[in-house]
Amino acid sequence: MKKPTRDEHRHHCTAKRRYRSQGDALDAALLAGVERKRQAYICALCGRWHLTSV
Ligand SMILES: [Zn+2]
């Protein structure tokens, strides 16, 4: 598995939905019924929370 480049990171960030808090991110995952498949993480680029797309 190759490491993503900085540009790929930025693309992921802009393509992903942002959440104000970990709770918001997890609530969104819960509503979508994917809380067991997603994890919330704080983004170093925008300082907001995203959900993993694993
Ligand atoms: Zn971000």
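Tutor: The protein has two helices and two strands, and read along the sequence they follow the pattern α-α-β-β. Helices (H or I, at least four residues) and strands (E, at least two) are DSSP runs, numbered from the N terminus. This is a predicted model, in which local features need pLDDT of at least 70 and side-chain atom pairs count only at pLDDT 80 or more, while totals for chains, interfaces and linings use all residues. Residues are numbered from 1 along each chain as its sequence is written, and side-chain values use heavy atoms, with hydrogens and water left out.

Student: What makes the arrangement around the zinc ion tetrahedral?

Tutor: The zinc ion is coordinated by C13 (SG), C43 (SG), C46 (SG) and H50 (NE2), at 2.2 to 2.4 Å; donors are N, O and S atoms within 2.8 Å of the metal (3.2 Å for Na, K and Ca), and water is not among the atoms, so sites may look incomplete. Four donors count as tetrahedral if all angles lie between 85 and 135 degrees. The four donor atoms here subtend angles of 105 to 116 degrees, and therefore the arrangement is tetrahedral. Ideal angles at a metal are 109.5 degrees for four tetrahedral donors.

Student: How are the donor residues of the zinc ion spaced in sequence, and why can C13 and C46 be said to tie parts together?

Tutor: The spacing of the donor residues is C-x29-C-x2-C-x3-H. C13 lies in helix α1 and C46 in the loop between β1 (40-42) and β2, so this pair ties together parts that are 33 residues apart in sequence.

Student: How do you know whether K16 counts as buried or exposed, and what is K16 in contact with?

Tutor: K16 lies in the loop between α1 (6-15) and α2, and because its relative accessibility is 19%, K16 counts as buried. Contact means heavy atoms within 4.5 Å; leaving aside neighbours within four places in sequence, K16 is in contact with Y41, H50, L51, T52 and S53. The backbone oxygen of L51 lies 2.8 Å from a polar atom of the K16 side chain. K16 and S53 are 37 residues apart in sequence and 9.5 Å apart in space, C-alpha to C-alpha.

Student: What makes up the largest nonpolar core?

Tutor: A nonpolar core is a set of buried Ala, Val, Leu, Ile, Met, Phe, Trp, Tyr and Cys residues joined through side-chain atoms within 4.5 Å. The largest one has seven residues: Y19, A25, A29, V34, A40, W49 and L51. The elements that give two or more residues to this core are α2 (22-32) and β2 (49-51). In soluble globular proteins, nonpolar side chains tend to be buried together.

Student: How do you know whether W49 counts as buried or exposed, and what is S21 called?

Tutor: W49 is found in strand β2 and counts as buried because its relative accessibility is 18%. Apart from neighbours within four places in sequence, W49 has contacts that include R17, R18, Y19, S21, A25 and A40. S21, in the loop between α1 and α2, has a relative accessible area of 28% and is therefore partly exposed. The C-alpha atoms of W49 and S21, 28 residues apart along the chain, are separated by 6.0 Å.

Note on methods
Buried means under 20% relative accessible area, exposed over 50%, partly exposed in between (1.4 Å probe, protein chains only). A polar contact is a pair of N or O atoms within 3.5 Å; within protein, one must be able to donate a hydrogen and the other to accept it, and residues adjacent in sequence count only if both atoms are side-chain atoms. Four donors count as tetrahedral if all angles lie between 85 and 135 degrees; four count as square planar and six as octahedral if opposite donors are over 155 degrees apart and all others between 65 and 115; anything else is irregular.
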